[in-house]
Each structure stands twice: as structure tokens, then as C-alpha cells.
Amino acid sequence: MAAHAYIKLVSPLEKKTVTLKEVKQLFQYYQELMKKTGEQLGWGYQQAAFPYQLIESDEGKGKWFYLKGDGHRYRTIIVGVGSHETGESFVQITLPDEATHGDKGKANEFCKFLAKKLEGELHLFNGRIMYYYKR
């Protein structure tokens, strides 16, 4: 059974919506950070920290994309955006049935990074909630 985590933008700040393009840019920023960390350490840390390719299919255009792993330890993570009837935007991270423990670890890491950057409310896969905005 697939597992889901959500980053809800509930902060009273001015940022109340998020687009898929913004989420992609945050993933690219994450990759740049890992590349710089690897340069400082003197080894290819970027590939270890982000062992995925960002792929957007025609059917999910503008709504979701997936991260395709190397096939061994990492397989797939699906990332999408949406909004509730109340106007509250969210980012949804989904682990499909074939996801590995490695995918779940990386998905948790990505969720925390995105929630911190978006200053949102993170609902983790295990049901716990982490707040990354000033209350």
C-alpha cells in the first residue's frame, strides 16, 4: 500500500501557494547544495545524496513528477502539488508499493528540506507532524 506525506502551507505569511515549477527548483537547489558539499569533502557526495532523476510524464504535466532511482537501493518517489477546497496548498510526496527503505529515508529527508524552505506544516509518513513555520 502506498504511503503519503504532505507539506501544507498553513503559515500566516504571504506564501500560500506553491507550483510544481517551484518544487522542481527546490530540488535543483538541493542538488546544488549536495554538489558543493561533495566538493568540500573531496568525493562525489551529490550522487549519494540524490540518487534520482527528475522525470515529468505527459499525464502528470503541471501536477506531479517522479524521481526515478538507480534501481537497486532506490526506485521511485512521486511528488505532486495541489490545493484543498479551502484554498490551502500542499505538496504531496508518495511512496508507491515498490518503494524501498532507501526511498523512504530519502523521501523523509526531502520532505524536511521542502518543509523548511516552504515554511510549511509537514505531515510525515508515520502520521507525526512537524512545524516549520513560526506559530
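1. Ground rules. This is a predicted model: local features need pLDDT of at least 70, side-chain atom pairs count only at pLDDT 80 or more, and totals for chains, interfaces and linings use all residues. Residues are numbered from 1 along each chain as its sequence is written, and side-chain values use heavy atoms, with hydrogens and water left out.

2. Strand S5. Helices (H or I, at least four residues) and strands (E, at least two) are DSSP runs, numbered from the N terminus. Strand S5 spans residues 89-95. Six of its seven residues are buried. Buried means under 20% relative accessible area, exposed means over 50%, and partly exposed lies in between (1.4 Å probe, protein chains only).

3. Partners of S5. Two strands pair if DSSP finds at least two bridges between them. S1 (residues 3-8) pairs with S5 in the antiparallel sense over six bridges. Here Ala 5 stands opposite Ile 93. S4 (residues 76-83) also pairs with S5 in the antiparallel sense, over six bridges. Gly 80 stands opposite Gln 92, and Ser 83 has Ser 89 as its bridge partner.

4. The hairpins. The hairpin of S4 and S5 has five residues between the strands. In this hairpin Gly 87 takes a positive phi near 95 degrees. S3 (residues 64-69) pairs with S4 in the antiparallel sense over five bridges. Lys 68 has Thr 76 in S4 as its bridge partner. The hairpin of S3 and S4 has six residues between the strands, and Gly 71 takes a positive phi near 95 degrees.

5. Aromatic pairs. How many aromatic pairs does a search of the whole structure find? It finds 14. Rings of Phe, Tyr and Trp (its six-membered ring) pair if their centres lie within 6.5 Å; planes under 30 degrees apart count as stacked, over 60 as edge-to-face and the rest as tilted. The centres of the Phe 27 and Phe 65 rings are 5.9 Å apart and their planes are at 85 degrees, so this pair is edge-to-face. Phe 27 is in helix H1 (residues 20-41) and Phe 65 is in strand S3, so the pair ties together parts that are 38 residues apart in sequence. Phe 27 is buried at 3% relative accessibility, and Phe 65 is buried at 0%.

6. A second pair. Phe 50 and Tyr 52 are also edge-to-face, at 6.0 Å centre to centre and 70 degrees between the planes. Phe 50 is buried, with a relative accessible area of 3%. Tyr 52 is buried too, at 6%. Phe 27, Phe 65, Phe 50 and Tyr 52 are among the members of one aromatic cluster, which also includes Tyr 30 and Phe 113.

7. Ala 48. Is Ala 48 buried or partly exposed? Ala 48 is partly exposed, because its relative accessible area is 35%. Ala 48 lies in helix H2 (residues 45-49). Leaving aside neighbours within four places in sequence, Ala 48 is in contact (heavy atoms within 4.5 Å) with Trp 43 and Lys 106.

8. The largest pocket. A pocket is an open set of points on a 1 Å grid over the protein atoms alone, where a 1.4 Å probe fits, with protein on both sides within 12 Å along at least five of seven lines; lining residues have an atom within 4 Å of a point. The lining residues of the largest pocket include Met 1, Leu 95, Asp 97 and Lys 104.
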